[in-house]
Amino acid sequence: MAKPPKSIATYNILIIGQGGRLEYEALLFAASLRSYAPKFTGKLYVAEPQPGPLWERDPRMSAPVKAQLAALGAQVVPFVSRHFGQSYPYGNKIEGLQVLPAGEPFIFFDTDTLITGELADIPFDFTRPAASMQREGTWPVEELYWPGYTAIWKSLYDRFGLDFESSLDHAQPDEYWERYLYFNAGWFFGADPAEFGQRFTDYAVSVRDNPPNELVIQPLDPWLDQIVLPLVIHGLGGGRPGPELAGLDGGVSYHYRLLPLFYATATDRQVAVLEEVTAPNKIKKLLKLYEPFKRMVYQGRGTKVRALFDRDNLPHHEKAIRNKIKAAGFWMR
């Protein structure tokens, strides 16, 4: 008898848990997931890199944080870094996919994400993978002697035998960055983490170790994951997310990046969610061990950052927001 299809709420979620900033962000993510997505019936996996030759220091989380994650229902699963590690920590999201059960739908979230609504109400089509469109035109970088957007992106699609033309947004002009498939890797999803992760790994290692000639003057760090992610998604039959997924970039989940940026850009509701989720003593006593949470959330520095900006008239580029926070002496990470 054929196995019945999974319901929309029984996919798995993956985040990365690593010692330092990420472990405290993981705790906030798990607490917000349990508070604001009560209908989510899947499992939350926290992939934890293990000590090894690719890490200069032990990357594991502290025992108290891991215990609290378990109390929130998360499963902390170790994995071994074989390709990236210390030299490219963003590779954790690529290699960490191996901890998920093969063949079960998944969504990956960057750990610096706050869940603010019911994920089970998002109508995912896991057969058509997609990723976040909350991005700027950060890559490729325009250089004096560069070959242009089309030549660079086409060289990558050609490398892996993918159809380049069908990836383009023909509503956008030629040689404009939004014409080309490009995502923020803050969230992405698919039907099978084993297949997705293997392709993600193969493509990333190939581009890193032997980039096409068209990329010779292009920076790959920190952009490698976002260079390769569109190729993986397109190759698996996916593409740009439809409007039904818009909540993942604001109303249901919010990729805040760093706490000063959160307080500068978040809505009043998102701030209220964060302050509610971080209030319980068992969460507070751990988050206060990390200086940015202590200062921003519990000692009021976030409120001071918030007062610097008009949320209805924010600067168009993140760099300008960062610079204003730094000038006021409130930048922390």
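I looked up proline 222 and placed it in the loop between H5 and H6, where helices (H or I, at least four residues) and strands (E, at least two) are DSSP runs numbered from the N terminus. A cis peptide bond joins aspartate 221 to proline 222, with omega at about 15 degrees. I noted that this is a predicted model, in which local features need pLDDT of at least 70 and side-chain atom pairs count only at pLDDT 80 or more, while totals for chains, interfaces and linings use all residues. I also noted that residues are numbered from 1 along each chain as its sequence is written, and that side-chain values use heavy atoms, with hydrogens and water left out.

I then turned to the loop between E6 and H4, which holds proline 140; a cis peptide bond joins tryptophan 139 to this proline, with omega at about -5 degrees. Most residues other than glycine have a negative phi, and most peptide bonds are trans.

Arginine 135 lies in the loop between strand E6 (130–132) and helix H4 (149–159). Is arginine 135 buried or exposed? It counts as buried because its relative accessibility is 14%, given that buried means under 20% relative accessible area, exposed over 50% and partly exposed in between (1.4 Å probe, protein chains only). Its side chain reaches the backbone oxygen of tyrosine 182 at 2.8 Å, which I read against the rule for a polar contact (a pair of N or O atoms within 3.5 Å; within protein, one must be able to donate a hydrogen and the other to accept it, and residues adjacent in sequence count only if both atoms are side-chain atoms). Leaving aside residues up to four places away in sequence, arginine 135 touches Trp177, Glu178, Tyr182, Phe183 and Asn184, where contact means heavy atoms within 4.5 Å.

I next checked positive phi values in residues other than glycine. Glutamate 175, in the loop between H4 and strand E7 (184–190), has a phi near 65 degrees and is partly exposed, with a relative accessible area of 33%. Arginine 257, in the loop between E8 and H7, has a phi near 75 degrees and is partly exposed at 30%.

For helix H4, I listed Tyr149, Ile152, Trp153, Ser155, Leu156 and Tyr157 as the buried residues, and these pack against H5 and H6. Just after H4, glycine 161 takes a positive phi of about 65 degrees.

For helix H10 (residues 291–298), the buried residues are Pro292, Phe293, Met296 and Val297. They lie on the same side of H10, because they cover an arc of only 90 degrees around the axis, the arc being that of the directions from the helix axis to the C-beta atoms.

Finally I looked at the largest pocket, where a pocket is an open set of points on a 1 Å grid over the protein atoms alone, reached by a 1.4 Å probe, with protein on both sides within 12 Å along at least five of seven lines, and lining residues have an atom within 4 Å of a point. Its lining has 44 residues, of which Asp112, Asn184, His255, Arg257 and Arg322 lie nearest the centre. H12 gives the largest share of this lining, four residues.
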